[in-house]
Amino acid sequence: MIQQTKEMNGPARAAYMRSERTPLPMTLSNEPWCFITGKRIVDGDDARFTHEFDAWVSTAGQNMIDEWVDQGMKTSNPEWEIIYREWYAQDAAAEANENNDYFRRNHK
């Protein structure tokens, strides 16, 4: 699902974001907003969904979390840590599945 949303742009992404499968937090103007920055997510932004908080995180928010991790997570921020661990686990599982598919295709 993560890869699917990354590849979507424009109307397809907007329709997916507004589907019942992944409810999107909205502002009063009915526009998506970033859980980390609190700012509106513009169309075409490579936002990523966090299931732990049922919310979207914009590219800017993702960069803030990445910088925090790169600096050693020195300040306490439980929400960011939960999001980071969720995405780390998802990315690791996706990579393992890709490696498994590669192994199956090439080692018959």
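**Figure 1. Met73 and the loop between α3 and α4.** Met73 is partly exposed, with a relative accessible area of 28% (buried means under 20% relative accessible area, exposed over 50%, and partly exposed in between, with a 1.4 Å probe and protein chains only). Met73 lies in the loop between α3 and α4, and its phi is near 50°, a positive value in a residue other than glycine. Helices (H or I, at least four residues) and strands (E, at least two) are DSSP runs, numbered from the N terminus. The model is predicted: local features need pLDDT of at least 70, side-chain atom pairs count only at pLDDT 80 or more, and totals for chains, interfaces and linings use all residues. Residues are numbered from 1 along each chain as its sequence is written, and side-chain values use heavy atoms, with hydrogens and water left out.

**Figure 2. Asp54 in the loop between β1 and β2**. Asp54 has a phi near 45°, a positive value in a residue other than glycine. Its relative accessibility of 44% places Asp54 among partly exposed residues.

**Figure 3. Helix α3 and its buried residues.** Helix α3 has 12 residues and reaches 16 Å from its first C-alpha to its last, close to the 16 Å expected at 1.5 Å a residue (the expected span is 1.5 Å times one less than the number of residues). The buried residues of α3 are Gly61, Gln62, Ile65, Trp68 and Val69. They lie on the same side of α3, because they cover an arc of only 120° around the axis; the arc is that of the directions from the helix axis to the C-beta atoms.

**Figure 4. The largest nonpolar core.** A nonpolar core is a set of buried Ala, Val, Leu, Ile, Met, Phe, Trp, Tyr and Cys residues joined through side-chain atoms within 4.5 Å. The largest one has 13 residues, of which Ile36 and Ile65 touch the most other members. At least two residues of this core come from each of β2 (55–57), α3 (59–70) and α4 (78–106). Not counting residues up to four places away in sequence, Ile65 touches Ile36, Trp80, Ile83, Tyr84 and Trp87, where contact means heavy atoms within 4.5 Å.

**Figure 5. Aromatic pairs.** Four aromatic pairs are found in a search of the whole structure. Rings of Phe, Tyr and Trp (its six-membered ring) pair if their centres lie within 6.5 Å; planes under 30 degrees apart count as stacked, over 60 as edge-to-face and the rest as tilted. Phe35 and Phe53 are stacked, at 4.8 Å centre to centre and 25° between the planes. This pair links distant parts of the chain, 18 residues apart: Phe35 is in the loop between α2 (10–17) and β1, and Phe53 in the loop between β1 and β2. Trp68 and Trp80 form an edge-to-face pair, 6.0 Å centre to centre with 90° between the planes. Trp68 lies in helix α3 and Trp80 in helix α4, so the pair ties together parts that are 12 residues apart in sequence. Trp68 is buried at a relative accessible area of 7%, and Trp80 is buried at 15%.

**Figure 6. Salt bridges.** Two salt bridges are found in the whole structure, each defined by a side-chain nitrogen of Lys or Arg within 4 Å of a carboxyl oxygen of Asp or Glu. Arg48 and Asp91 meet at 2.6 Å, N to O, and link strand β1 with helix α4 across 43 residues. Arg48 is buried, with a relative accessible area of 7%, whereas Asp91 is partly exposed at 36%. Arg85 and Glu81 meet at 2.7 Å, N to O; both lie in helix α4, four residues apart, about one turn of the helix.
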